[in-house]
Amino acid sequence: MAQLISLSEFKLLIKNTPISSIIGRYLALRREGVNYSAICPFHADTRPSLKVNDKKNLFRCFACSTGGDALHFVQKYSSLDFLG
């Protein structure tokens, strides 16, 4: 049986997971030095303009300026509303 965790525990779990591991479940990431890049799913992208930085635990598209943490990525990608 699955154990339920609180929202704060869930956020901590996400925070302690490399952002590339989370975004890599949704997009094909290509390693570029210490960062990763991908085609941005938030606009009609033709070149990899989405950058993912594990050290800062952030992503940013340098074409459409969408960015944030892993929770924001999943929320925007899946068109979800998060509470809390």
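**View 1. The surroundings of F59 in this predicted model.** Skip the neighbours within four places in sequence, and F59 is in contact (heavy atoms within 4.5 Å) with I19, I23, F42, L50, K51, V52, T66, G67, G68, D69, H72 and F73. Residues are numbered from 1 along each chain as its sequence is written, and side-chain values use heavy atoms, leaving out hydrogens and water. Since this is a predicted model, local features need pLDDT of at least 70 and side-chain atom pairs count only at pLDDT 80 or more, while totals for chains, interfaces and linings use all residues.

**View 2. The largest nonpolar core.** Here we have 16 residues, and F59 turns up again among those with the most contacts inside the core, alongside I19, I23, L27, L50, V52 and F73. A nonpolar core is a set of buried (under 20% relative accessible area, 1.4 Å probe, protein chains only) Ala, Val, Leu, Ile, Met, Phe, Trp, Tyr and Cys residues joined through side-chain atoms within 4.5 Å. At least two of the core residues come from each of α2 (19–23), β2 (35–38), β3 (50–53), β4 (58–61) and α3 (70–77). It's α3 that gives the largest share, four residues.

View 3. Three helices and five strands make up the secondary structure, as DSSP runs (H or I, at least four residues, for helices; E, at least two, for strands) numbered from the N terminus. The C-alpha atoms fill a box of roughly 40 × 25 × 20 Å along the principal axes, and buried residues make up 27% of the 84 in the chain.

Conventions
Buried < 20%, exposed > 50% of the residue type's maximum accessible area, 1.4 Å probe, protein only.
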